[in-house]
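Colleague: I would like to go through the terms used for this model one by one. Please give the rule each time and then the value.

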Amino acid sequence: MTERAHAAHAEGETGVWSGSWVAERLGVELAGDEALTGLLGLALRRNPKRAHLLVSNVLGKHVPQSPSVVYGHGVALGRRVRELLGAEAAEGAVVLGYAETATGLGHSVADGLGSAPYLHSTRRAVAGVARAGGFEESHSHATSHLLLPQDPALLAGDGPLVLVDDEFSTGNTVLNTIRALHERYPRKRYVVVALVDMRSPADARRLDAFAGEIGARVDLVTTASGTVRLPPGVLEKGQDLVARYEAPPVDPASGPTGGSPGAASPGSVERVELRWPHDVPDGGRHGFTAADRDRLESALPGMAARIADALPARARRVLVLGFEELMYAPLRLAQALEQAVGGDVEVRYSTTTRSPVLAVDDPGYAIRTRLVFPAHDDPADGPGERYAYNVAGAGFDAVIAVVDSAADTPALHAPDGLAARLAAHVPHVLLAVVPSYVPHASPAPQAPERPPMLPEPLRGPAFSSYAPDEVGWLLQDLSDVTLEAPTEEREEAIQSGGAHYAESLPVEYQPSEQYQELFHAALESSAARLARAVGAVTEVVLTERSPRPVLVSLARAGTPVGVLMRRWARFRHGLDLPHYAVSIVRGRGIDANALRWLADHHDPADVVFVDGWTGKGAITRELAAALRDFEASDGVTGFDPEIAVLADPGSCVRTYGTRDDFLIPSACLNSTVSGLISRTVLRADLVGPHDFHGAKFYRELAGADLSPAFLDAVSARFPDVTESVDAHVKELLSADRTPTWEGWAAVERISEEYGIHDVNLVKPGVGETTRVMLRRVPWKVLARAGARADLDHVRLLAEQRGVPVEEVADLPYTCVGLIHPQYTRGATGADGKAVTL
């Protein structure tokens, strides 16, 4: 085969597809866009992990190609990314390319995107530069990638991250990258860019699922797409073919494969001075900014002119050969040279590589020739072979080998080094050295890592029996974890170890038929009263807090109330208010990660915290303290600690529907009236520092679920109470609603009168008393004299558990539940731990 034929084949001009040899022998099929066979050829890897290699005709790695074609493909992809993101988002984007194959492509994409800074991964550790991350490329011959930006803030921004690789074959590398980076520098959007997308449908679904898992958008931009169909046993067959066709090293003068020195008529090797601009990085290993790009653009014509002047007068076909990760600088030099010499000289571009590939001199095979030489940049993984493909026998009159100064070593100039290998096949070799960029001695301070991006809220029916638009739960699903224990056993464990009450769950109370009848009777009799309170508190919120509030209920007792308030706003004003449920734990505060999610998605000033009722006001105080701590730790302001409740018998808040202590039927039951969701859980082995608090979804209780029935019964009464709500709201808005905390004073008095001496064992109000009966070990119930219907369910529970009910005159609440002093482990103190009497 003539040298000119070799050259024509290398650029896909022979009319024979450069993948046919592999396809015929291995049964590998390339299916997809018509452009695929023009973009790709096939070869065999000398790699035990994957048999075939997709060889790009437009990447400039293995196949010499016009630099304007190579650069043009990258820039075009970058422009498409800019169109996808929009100009504003594109301005905040960062582009990350993969070493070694896509370092030049990624840089070209960054150029097309506009002013985006660029960084590429590297396999070369650099002394004095801290690692900002890394990931694994499982199928590669050299798997570990490092990220070494001079300015760590390059990766810590909120804008889109654009990841560029030459091909997208399985998606593993991209998944590994995003997973590793997302843990340290989370963001909302990623764009994956490749020349070709060759994933299977299963791989595509995997990426989509992963995007949902991390709560980020992941887009894909490619030049062409398709799939590689591999027959069974392809890896073993490929290894057999490699063993059969692998040629032993030969004298470079006797054949195109090349192996040992000693050509009869070696070409000349000379240096050409580039005069690379001072302080312009040689590539994106440590980051490349828009200012760097401007300085390089200004210097390129002069450097190209110096190369052109150094070429031999009769050179008509010239190769600019880059070096492994150093792809962009040689590419731009080649492109500038192509422009400088015009049509007089044919300029091509490719680079050396670490990748071991079988060379077969056949028109239907993508890698026709292989030059082998030792590594010459003192690699961290030790000495090894390096390769230049489709250079020998390709008819080049001259090769401009471009390396960085770290690779300008004695090994480069050794008898078996790259310079000698090239000179054995090319008459003239010019060596151009780009100074290796060394980050400044005083690098920018390490950018603080942000916590991982939090997932989107859980919603029904996957989590809870509420409709998905009714509430989003800022919780993590612990449904598969066993957390329940019998009440006495649970409280003993808490007491013996000083454990926190939120670290376990009580066994879900299953109501008797008689108790369920009481619930339905209470709901029937109180639905209108509840509807009136819902309407009143919602109208006060809309008037005084925000015209479009973000309702954030305190899970789980506050969540049915938040749903009802949302329904009232839609019924009366046509508003679809956002509603989320968050966890708050006495002694540990509100879930700070939930606050971070809210602050990231909404104006904190619009957030209104919602609960069912107040007792003595402990949660009100807990929330205020937690928000102060959050403001100090995160610097986020605007959250209002004022809770909106249906009933405020303790006079603890100023935003309420009523201050009467009456039965709210949702307090009668546990999960079966709260969307089948458990109380929230906060335990160190289950909830990490960057996780939402947890809760369980009791799917198995669906047959007993009354959550929709409760909501529908109350909202069905909205039309009946509209006028009374309007009148009541006028009264509320004109009244002095300043909290008096009289409930707290009453609790202190009861605690002393009954010899308890601890307010945490006194649970005032119908709702809190019901909780004592369902979750704790009750001692006795104090009932206001004359209170009947509102206490029927409490009296039934007391009878079932053998708890005395004592009627008390002048009790400010309808009832008060007292926790048995013997089981103080269930009555947690201000720090959430057991109180010892």
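Modeller: A charge sits over a ring if NZ of Lys or CZ of Arg is within 6 Å of the ring centre and within 35 degrees of the ring normal. By that rule, the charged end of Arg 621 sits over the ring of Trp 741, 4.5 Å from its centre. The charged end of Lys 780 likewise sits over the ring of Trp 779, at 4.7 Å from the centre. The model is predicted, so local features need pLDDT of at least 70 and side-chain atom pairs count only at pLDDT 80 or more, while totals for chains, interfaces and linings use all residues. Residues are numbered from 1 along each chain as its sequence is written, and side-chain values use heavy atoms, with hydrogens and water left out.

Colleague: What makes the rings of Tyr 387 and Tyr 389 a stacked pair?

Modeller: Rings of Phe, Tyr and Trp (its six-membered ring) pair if their centres lie within 6.5 Å; planes under 30 degrees apart count as stacked, over 60 as edge-to-face and the rest as tilted. The count by this rule is 13 aromatic pairs. For Tyr 387 and Tyr 389 the centres are 5.8 Å apart and the planes stand at 15°, so the pair is stacked. Elsewhere, ring pairs link Phe 463, Tyr 466, Trp 473 and Phe 697 into a cluster.

Colleague: Why is Tyr 387 called buried?

Modeller: Buried means under 20% relative accessible area, exposed over 50%, and partly exposed in between (1.4 Å probe, protein chains only). Tyr 387 has 4% relative accessibility, so Tyr 387 counts as buried. Tyr 389, at 1%, is buried as well.

Colleague: How do you know how many disulfides there are?

Modeller: A disulfide is a covalent bond between the sulfur atoms of two cysteines. The rule used here asks for a pair of cysteine sulfur atoms within 2.5 Å. The count comes to 0 disulfides. As for accessibility, Cys 652 is at 3% and therefore counts as buried. Cys 815 is at 0%, so Cys 815 is buried too.

Colleague: Why are helix 15 and helix 23 called roughly antiparallel?

Modeller: Helices (H or I, at least four residues) and strands (E, at least two) are DSSP runs, numbered from the N terminus. Axes are lines fitted to C-alpha atoms, for helices over the stretch in contact, and angles run from 0 to 180 degrees between N-to-C directions. Angles under 35 degrees count as roughly parallel, over 145 as roughly antiparallel, 65 to 115 as roughly perpendicular and the rest as oblique. The axes of helix 15 (residues 513-544) and helix 23 (residues 792-801) come within 9 Å and cross at roughly 165°. The two helices are therefore roughly antiparallel to each other. Leu 542 belongs to helix 15, and at 14% relative accessibility Leu 542 counts as buried.

Colleague: What makes helix 6 mostly covered?

Modeller: In helix 6 (residues 103-113), 11 of its 11 residues are buried. Among them are Leu 105, His 107 and Asp 111. Gly 114 follows helix 6, with a positive phi near 130°.

Colleague: What makes Asp 279 and Leu 676 worth a remark in their backbone?

Modeller: Most residues other than glycine have a negative phi, and most peptide bonds are trans. Asp 279 is not a glycine, yet its phi is positive, about 70°. Leu 676 is not a glycine either, and its phi is about 65°. Asp 279 lies in the loop between strand 11 (268-271) and helix 10 (290-310). Its relative accessible area of 36% makes Asp 279 partly exposed. Leu 676 lies in the loop between strand 28 (655-658) and strand 29 (694-695), and at 2% Leu 676 is buried.

Colleague: Which residues does a cis peptide bond join, and what is omega there?

Modeller: Another joins Gly 460 and Pro 461, where omega is about 0°. Glu 100 is in the loop between strand 4 (94-97) and helix 6. Pro 461 is in the loop between strand 17 (428-434) and strand 18 (472-473).
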